[in-house]
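Biologist: Please bring up the model. I would like to go through it one question at a time.

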Amino acid sequence: MSLLDEYNIEPDPRLERAHHEAKVVFAYMITMGLLFFATAAWGTLSYDGQFEYILGFPTYMFFITVELVLFAIVGFLIAFYYIEDTPLDAWRS
């Protein structure tokens, strides 16, 4: 049983929104890290003595660069359009 239920306290809607935003950001960060790790592992483990190149980069490094740009764009979209600024006195209204 949680303390909120035990003492019959309503959860603050600002904190509920903040917890949801934190879950989204952590899921984004974990996905980004796993994808970067998987791409780098694929590139280094498939090395057979000679790299293939795309635009002057080894193939796996090119894909990591593309992923970095895409994840930066998605991160900016999350920061500017999903995360909201809530005034501290919002619970009074």
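Biologist: Which residues do ring pairs link into a cluster?
Modeller: This is a predicted model: local features need pLDDT of at least 70, side-chain atom pairs count only at pLDDT 80 or more, and totals for chains, interfaces and linings use all residues. Residues are numbered from 1 along each chain as its sequence is written, and side-chain values use heavy atoms, with hydrogens and water left out. Rings of Phe, Tyr and Trp (its six-membered ring) pair if their centres lie within 6.5 Å; planes under 30 degrees apart count as stacked, over 60 as edge-to-face and the rest as tilted. The cluster linked by ring pairs is Y28, F36 and F71.

Biologist: What kind of pair do the rings of Y28 and F71 make?
Modeller: The structure holds five aromatic pairs. For Y28 and F71, the ring centres are 5.6 Å apart. Their planes are at 55 degrees, so the pair is tilted.

Biologist: How many residues apart in sequence are the parts that Y28 and F71 tie together?
Modeller: Helices (H or I, at least four residues) and strands (E, at least two) are DSSP runs, numbered from the N terminus. Y28 lies in helix α2 and F71 in helix α3. The pair therefore ties together parts whose separation in sequence is 43 residues.

Biologist: Y28 and F71: buried or exposed?
Modeller: Buried means under 20% relative accessible area, exposed over 50%, partly exposed in between (1.4 Å probe, protein chains only). Both Y28 and F71 are buried.

Biologist: What kind of pair do F76 and F80 make?
Modeller: F76 and F80 both sit in helix α3, four residues apart, about one turn of the helix. Their ring centres are 6.1 Å apart. The planes are at 10 degrees, so the pair is stacked.

Biologist: F76 and F80: buried or exposed?
Modeller: F76 has 52% relative accessibility, so F76 counts as exposed. F80 has 62%, so F80 too counts as exposed.

Biologist: What is the area of the nonpolar surface patch that includes F76 and F80?
Modeller: Patches are made of residues with over 30% relative accessible area and no salt bridge; like charges are joined within 9 Å, nonpolar side chains (Val, Leu, Ile, Met, Phe, Trp, Tyr) within 5 Å. Areas come from the Shrake-Rupley method with a 1.4 Å probe; for residues, only the protein chains shown count as cover. The patch is made by V66, V69, L70, I73, F76, L77, F80 and Y81. Its area is about 880 Å².

Biologist: Why does Y81 count as exposed?
Modeller: Y81 lies in helix α3, residues 59-82. Y81 counts as exposed because its relative accessibility is 70%.

Biologist: Which residues are linked in a network of salt bridges?
Modeller: Side chains of opposite charge can pair when their charged atoms come close. A salt bridge here is a side-chain nitrogen of Lys or Arg within 4 Å of a carboxyl oxygen of Asp or Glu. The whole structure has two. The network links R17, E21 and E84.

Biologist: How far apart are the closest N and O atoms of E21 and R17?
Modeller: E21 and R17 are four residues apart in helix α2, so about one helical turn separates them. E21 is buried, at 10% relative accessibility. R17 is partly exposed, at 26%. Their closest N and O atoms lie at 2.9 Å.

Biologist: How many residues apart are E84 and R17?
Modeller: The side chains of E84 and R17 meet in a salt bridge (3.9 Å, N to O). The pair links distant parts of the chain: E84 is in the segment after α3, R17 in helix α2, and the separation is 67 residues.

Biologist: Which residues does E21 contact, leaving aside neighbours within four places in sequence?
Modeller: Contact means heavy atoms within 4.5 Å. E21 sits in helix α2, residues 13-45. Beyond those neighbours, E21 is in contact with Y82, I83 and E84.

Biologist: In what order do the elements of the chain run from the N terminus?
Modeller: The chain has three helices and two strands. From the N terminus, their order is α-α-β-β-α.

Biologist: What is the radius of gyration of the protein chain?
Modeller: The radius is taken over C-alpha atoms, and the globule rule is 2.2 Å times the number of residues to the power 0.38. The C-alpha trace spans about 65 × 30 × 10 Å along its principal axes. A compact globule of 93 residues would come near 12 Å, but this chain has 21 Å.
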